[in-house]
Amino acid sequence: MKNAMSVDLEDWFCVSNLNDVIPRQEWDRCESRVVRNAHRLLELFEKHHVKATFFVLGWIADRFPELVQEIERKGHEISVHGYFHLQLTGINPKEFENDLKQSIEAVRQAGVHQQVIGFRAPSFSIVNSTLWAFPILERNEIRYDSSIFPVGFHPDYGIPGAPLRPYNVTEGMKEFPMSCARLLGGRIPCCGGAYFRFFPYRFTRFLMKRCNREGRPVVFYIHPWELDPGQPKVKLPLAKRFRHYHGLDYTYKKLEKLLADFEFTTIKKVLEL
């Protein structure tokens, strides 16, 4: 089964965990590491003949257009991740639409030729209180979203009971929810990020194969900074520090195993759009 590989293209200082430590006004003062880390991903994908969907932060596209052009030139799909990595739970619909439009324009100005049809909300912040985002996305010619986590245990995101399979959220738009496996009456994420870093690789593989046996493709996600144990470390509360930095030393090797064990392509191709 073809699964979907996705990359949230952002730098180490753009993540929501660091919002209180590094405000957006200071991003330009930080050491950027996104180009070198993205190149490591591109080399891995090329080695394993994988095409991926890159959810590009508009702020990154404005500053590194050559990187975005290279990603497209290598045959990957370009989608958007907002401009300033704003969580939808902290903004209103008008602010969201302005940020979305700015991100799409940044990608176009970076030189992308393909039509942008995909979106992922920063920190998976499409939840029950932000479902107003879908008509806005559709109005801006977005044809699929991949933001909803169908779980109820996380304090910051999730829609309990949401479908596990891709489904229509509007008449003209699909949702590819973050992948979870059914196990012991619960739902366990097997889609990448911190879950991939925390779980032993064999457990992730077991969960993904379980999804595939049910006829469900998995959507997997990774950030370039997750392959970079040498990134600058900032002082964070204990829980955030563990969640953000744990497992960085092993992500590259685990990802290489994953690419060897499963077949991946873009979200657009999995959804046949």
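**Figure 1. Pairing of strands β1 and β2 in the predicted model.** Val7 has Phe54 as its bridge partner in β2, in a model that is predicted. The two strands concerned, β1 and β2, run parallel and are joined by 4 bridges. In a regular strand the side chains alternate between the two faces of the sheet. For strand β2, which spans residues 53-56, both faces are covered, with Thr53 and Phe55 buried on one side and Phe54 and Val56 buried on the other.

Figure 2. Ser6 belongs to strand β1, made up of residues 2-9. Its relative accessibility is 0%, and because buried means under 20%, Ser6 counts as buried. Two polar partners of the Ser6 side chain can be followed in this view: the side chain of Arg120, joined to that of Ser6 by a polar contact of 2.9 Å, and the backbone oxygen of Phe220, which lies 2.6 Å from a polar atom of the Ser6 side chain. When neighbours within four places in sequence are left aside, the residues in contact with Ser6 are Thr53, Phe55, Arg120, Val219, Phe220, Tyr221, Ile222 and Ile267. Of these, Thr53 and Phe55 are the buried residues on one side of strand β2.

**Figure 3. Thr266 in the loop between β11 and α10.** Thr266 is placed in the loop that connects β11 (263-265) with α10 (267-270). With a relative accessible area of 5%, Thr266 is buried. Its contacts, apart from those with neighbours within four places in sequence, are made with Ala4, Lys51, Ala52, Thr53 and Glu77.

**Figure 4. The largest pocket and its lining.** The largest pocket has a volume of about 560 Å³. It is lined by 28 residues, of which Asn17, Ser123, His154, Tyr157 and Arg243 are the closest to its centre. Two elements, α6 (193-198) and α8 (238-245), each give two or more residues to this lining, and α6 gives the most, with 5 residues. Sorted by class, the lining of the largest pocket comprises 10 nonpolar, 11 polar and 7 charged residues.

**Figure 5. Tyr157, one of the residues closest to the centre of the largest pocket.** Tyr157 is found in the loop between β5 (144-145) and β6 (167-170). The relative accessible area of Tyr157 is 10%, and the residue is therefore buried. The side chain of Tyr157 is joined to that of Tyr195 by a polar contact of 2.6 Å. Neighbours within four places in sequence being left aside, Tyr157 is in contact with Ser123, Phe124, Val127, Phe149 and Tyr195; among them, Ser123 is another of the residues closest to the centre of the largest pocket. As a distance reference, the C-alpha atoms of Tyr157 and Pro189 are 13 Å apart in space, while the two residues are 32 residues apart in sequence.

**Figure 6. His154 in the loop between β5 and β6.** His154, like Tyr157, is listed among the residues closest to the centre of the largest pocket. A relative accessibility of 17% falls under the 20% cut-off, so His154 counts as buried. A polar atom of the His154 side chain lies 3.0 Å from the backbone nitrogen of Asp156. For His154 and Gly82, which are 72 residues apart along the chain, the separation of the C-alpha atoms is 22 Å.

**Figure 7. The hairpin of strands β8 and β9.** Strand β8 (residues 180-183) pairs with strand β9 (residues 186-189) in the antiparallel sense, over 4 bridges. Within this pairing, Ala181 has Ile188 as its bridge partner in β9. The hairpin has 2 residues between the strands, and Leu184 takes a positive phi near 55° there.

**Figure 8. The largest cavity and the residues around it.** The structure holds 1 cavity of 30 Å³ or more, and the space in the largest cavity is about 30 Å³. The residues that line the largest cavity are Ile104, Arg108, Gln115, Val116, Asn140, Glu141 and Ile142. By class, this lining divides into 3 nonpolar, 2 polar and 2 charged residues.

Definitions and conventions
Residues are numbered from 1 along each chain as its sequence is written. This is a predicted model: local features need pLDDT of at least 70, side-chain atom pairs count only at pLDDT 80 or more; totals for chains, interfaces and linings use all residues. Side-chain values use heavy atoms; hydrogens and water are left out. On a 1 Å grid over the protein atoms alone, a cavity is a set of points where a 1.4 Å probe fits but cannot get out, and a pocket is an open set with protein on both sides within 12 Å along at least five of seven lines; lining residues have an atom within 4 Å of a point. Grid points are joined across faces, edges and corners, and a volume is the space filled by probe spheres set on the points. Ala, Val, Leu, Ile, Met, Phe, Trp, Tyr, Cys and Pro count as nonpolar, Asp, Glu, Lys and Arg as charged, and the others, Gly among them, as polar. Buried means under 20% relative accessible area, exposed over 50%, partly exposed in between (1.4 Å probe, protein chains only). Contact means heavy atoms within 4.5 Å. A polar contact is a pair of N or O atoms within 3.5 Å; within protein, one must be able to donate a hydrogen and the other to accept it, and residues adjacent in sequence count only if both atoms are side-chain atoms. Two strands pair if DSSP finds at least two bridges between them.
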